[in-house]
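Look at the structure below, then read the points by topic.

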Amino acid sequence: KRDKEDAGAGAGAAEGGDGAAAVITSYCGSNTVAVAAASASVTTTAAKKKKNKKKKHAKGSNPDQKYIRAPLKCPTVVAAQQHFSSLSLPYPITLGPLTRWRNISKLPCRSVNGGVKFGLFAPGTHDVTVRSSQSPAHHVKINEGVLELERLCEECGVKPFQESSGEGELKFVIINVDRAAKKAQMTLVLNLTKDEELPTSLVELTKKLKGWESLSSLFLHYNKVDIK
């Protein structure tokens, strides 16, 4: 039996996960098990941060790159090694490409310095500190799509989501790239209910996004935040 897990699980990165740019494959007898090392997350308490400042991410650092120089130290990989070791099973490891391996990514939309930005959360926070288009882990079509989306959001006057107040129109974008076709599927996660009328800004955005030549399909996902 073969279990597959996409190394481009962008949702983990969007939630502040620490990604090792590698797909780890192990061989156990006749079975092949693929373990994705892309979206391992490390939860660090405030106390631990104070005790070990060297491991604390600097502001603006890219969480995708935490284990880029030592992918085998990614927590998911270490955990897998320990698991198979406890079963007395061999666990040989092969590293995949270190860049452009993520073909699925969920990215938060926030206001950064007065502009609409899609990026990565700093580890342990919901602060967008790294622009997605600057991530070497992302497939080139994800970076292209983010730049196009940011430009059109500004042009159409789309309001980014604000966690503190629950206001704003656009919360996330999910981009899924078909490597063979070199096309991207895009899903906009809206801060609206399905019963609410789509704001003019989002109507215009959806129309203009159709002009992006790499877009294969566009979906709207209604996910209203209810802050009481």
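The sulfur of Cys-153 lies 5.5 Å from the closest cysteine sulfur, that of Cys-109, which is too far for a bond. A disulfide here is a pair of cysteine sulfur atoms within 2.5 Å, and by this rule the count is zero disulfides. This is a predicted model, in which local features need pLDDT of at least 70 and side-chain atom pairs count only at pLDDT 80 or more, while totals for chains, interfaces and linings use all residues. Residues are numbered from 1 along each chain as its sequence is written, and side-chain values use heavy atoms, with hydrogens and water left out.

**Cysteines**

- Cys-156 is in no disulfide, and the nearest cysteine sulfur, in Cys-153, is 7.3 Å away.
- Cys-153 is buried, at a relative accessible area of 1%.
- Cys-156 also counts as buried, at 15% relative accessibility.
- Buried means under 20% relative accessible area, exposed over 50%, and partly exposed in between (1.4 Å probe, protein chains only).

**Helix α3**

- Helix α3 has twelve residues, 75–86; helices (H or I, at least four residues) are DSSP runs, numbered from the N terminus.
- From first C-alpha to last, α3 reaches 16 Å, close to the expected 16 Å, where the expected span is 1.5 Å times one less than the number of residues.
- Val-77, Ala-80 and Phe-84 are buried in α3.
- The buried residues of α3 fall within an arc of 65 degrees seen down its axis, so they line one face of the helix; the arc is that of the directions from the helix axis to the C-beta atoms.
- Gln-82, Ser-85 and Ser-86 are exposed, on the face of α3 turned away from its buried side.
- Ser-88 follows α3 and has a positive phi, near 60 degrees.

Notes. Helix = DSSP H or I, 4+ residues; strand = E, 2+ residues; numbered from the N terminus.
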